[in-house]
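Please try each task on the structure before reading its solution.

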Amino acid sequence: MTQKYAVVLAAGQGTRMKSKLYKVLHPVCGKPMVEHVVDQLNKLELDELISVVGFGAEKVQDQLGDKSQYVVQKEQLGTGHAVQQAEDILANKEGVTIVACGDTPLLTKETLQNMMNHHIETGAKATILTAHAEDPTGYGRIIRGGNGQVERIVEQKDASEDEQAVQEINTGTYCFDNKELFESLQNVSNDNAQGEYYLPDVIQILQSQGEVISAYQTTDFSESLGVNDRVALSKAEKMMKQRINETHMRNGVSIIDPDNTYIGPDVTFGQDVTVYPGSIVDGDSHIEDDAIIGPHSNITQCNVGEGTVIKQSVAANSRIGARVQVGPFAHIRPDSDLGNDVKIGNFVEVKKAEFGDGSKASHLSYIGDANVGSGVNIGCGTITVNYDGHNKFLTTIEDDAFIGCNSNLVAPVTVGKGAYVAAGSTINQDVPAEALSIARSRQTNKEGYATKFQNKKD
Ligand code: UD1
Ligand code: CA
């Protein structure tokens, strides 16, 4: 078995982005560009994956965590110099090394795999992933000899007029014989327009030694899009969005208006889900069969059960059961866990709360730090008073309890199973199971008061 490695170049500052955020951390469909690349590479089950970091090294490492190993490029002396930083880990190892850039977020594992297969089949020492560009400006151009063989890559800034007319471009992704790569890198110089050690120069070095150089051309230009500025970033966003939405539609999700629907790359769906316009679904969210999302809902990192409807609402980091109704205009905040057949209606905010099956808070409530059993009815205007300015406290509402409208439940407090709380109560002591608790002042009616009051004024 051939050993397989990858080096991801992610040390550049990305001056052309004009941003405080390092280039490779700019998100496309909610995920940083470099993470797209690393995630695709990881699907190839490589023996080593190394990211070269420099500018914003710590932030990049925080983002990628243990998805990668890291080497630091202290000074950004060029892409060839960047790959050399992985020498301590890789040099002298037998195998095949993919080099990819952290700014080509649309690369797919299929293309990477095909390029690697092509590389192994042709017995080449280097294979370049190329593409045909309508407008090749800014990319390195593939220069082929009379026999059609790849000879070298010339950068835009070093290219003659004739060379600039070439539309076959270097996508910045390659496959190399690992040992040959590190040997050739020692011979790369920085004698060029940018004074940098170019990785593409390895091609000419190998070619002049009589080694076989191969090119593998992608049919889909989007895969080669290198994002150097925010114009390209918006193009990447659009292409990625379309790719993601079309994949889900082909797999049985109805997306009513794909141009106005934003689904993150790691979201998964069951069958017959409908997503209405203006919705954003991201993180590792999973939406089960027959759910209806939107219009205008924002769901991050949630599990949404079968047949659940979430209209004009926001939900984050929570589990939402089957046949739940959320919204319109509800807010499910992190760490909530809603059972099946729950209803969270208009203007209800739920935070870190558990709702058992069939429980309802239909209007205008705040339920935070709460443990709500099943079959509970929470009346309009109920508030769990969970915070004293220093600490948060738990409200427990047991199965089948009924909380009357406009009640305050001052935590820590428990309303027992099947108990009633009268409307307008402020409850600061536990309510026993099956009891009725009334905690409001008694009503007094003063007969004839209005007439007397009117007469006085006259
Ligand atoms: C590079 C290629 C070009 C190709 C294009 C594809 C070179 C010299 N040119 O150009 O042929 O068509 O990509 O998108 O390789 N980086 C480092 N350390 C450095 C310099 C760069 O880690 O010292 C990283 C950057 O963070 C980036 C990647 O390498 O992720 C590519 O660098 P960039 O400056 O964007 O190269 P391009 O000019 O786009
Ligand atoms: Ca680039």
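**Exercise 1.** Is leucine 436 buried or exposed?

*Solution.* This is a predicted model, in which local features need pLDDT of at least 70, side-chain atom pairs count only at pLDDT 80 or more, and totals for chains, interfaces and linings use all residues. Residues are numbered from 1 along each chain as its sequence is written, chains are lettered from A and ligands numbered from 1 in the order in which they are written, and side-chain values use heavy atoms, with hydrogens and water left out.

Begin with the cut-offs: a residue is buried under 20% relative accessible area, exposed over 50%, and partly exposed in between, using a 1.4 Å probe and protein chains only. Leucine 436 has a relative accessible area of 55%, and is therefore exposed. Then list the contacts, meaning heavy atoms within 4.5 Å: apart from residues up to four places away in sequence, leucine 436 touches Tyr420 and Ala422. Finally, the C-alpha atoms of leucine 436 and proline 32 are separated by 54 Å, the two residues being 404 residues apart along the chain.

**Exercise 2.** Determine whether lysine 351 is buried or exposed, and find which residues it touches.

*Solution.* First, locate lysine 351 in strand 27 (residues 343–355). With a relative accessible area of 11%, lysine 351 is buried. Leaving out residues up to four places away in sequence, the residues touched by lysine 351 include Arg333, Pro334, Tyr366, Asp369 and Lys392.

**Exercise 3.** Which protein atoms are the donors of the calcium ion (ligand 2), and where in the chain do their residues lie?

*Solution.* Donors are N, O and S atoms within 2.8 Å of the metal (3.2 Å for Na, K and Ca), and since water is not among the atoms, sites may look incomplete. The protein donors that meet the calcium ion (ligand 2) are Asp103 (OD) and Asn228 (OD1), at 2.3 to 2.4 Å from it. Aspartate 103 belongs to the loop between strand 6 (96–101) and helix 5 (109–122), and asparagine 228 to the loop between strand 11 (213–217) and helix 9 (230–250), so the pair ties together parts that are 125 residues apart in sequence. As to cover, aspartate 103 is buried, its relative accessible area being 12%, whereas asparagine 228, at 22%, is partly exposed.

**Exercise 4.** Which peptide bonds can be named as cis, and which residues other than glycine can be named as having a positive phi?

*Solution.* As background, most residues other than glycine have a negative phi, and most peptide bonds are trans. Turning to the bonds, the one from glycine 294 to proline 295 is cis, with omega near 5 degrees, and proline 295 sits in the loop between strand 18 (292–293) and strand 19 (298–300). The bond from alanine 411 to proline 412 is also cis, with omega near 0 degrees, and proline 412 is in the loop between strand 33 (408–410) and strand 34 (413–415).

For phi, phenylalanine 329 has a positive value of about 65 degrees; this residue is in the loop between strand 24 (325–326) and strand 25 (331–332) and is partly exposed, with a relative accessible area of 45%. Leucine 364 has a positive phi of about 45 degrees, lies in strand 28 (residues 360–372), and is partly exposed at 49%.

**Exercise 5.** What do the overall dimensions and cover of the protein chain come to?

*Solution.* Start with the elements, of which the protein chain has ten helices and 37 strands. The radius of gyration, taken over C-alpha atoms, is compared with a globule rule of 2.2 Å times the number of residues to the power 0.38; a compact globule of 458 residues would have a value near 23 Å, but the protein chain has 31 Å. Along its principal axes, the C-alpha trace spans about 110 × 45 × 45 Å. Turning to cover, 48% of the 458 residues count as buried. Helix 1 (residues 33–42) is mostly covered, with nine of its ten residues buried, among them Met33, His36 and Leu41.

Definitions and conventions: Helix = DSSP H or I, 4+ residues; strand = E, 2+ residues; numbered from the N terminus.
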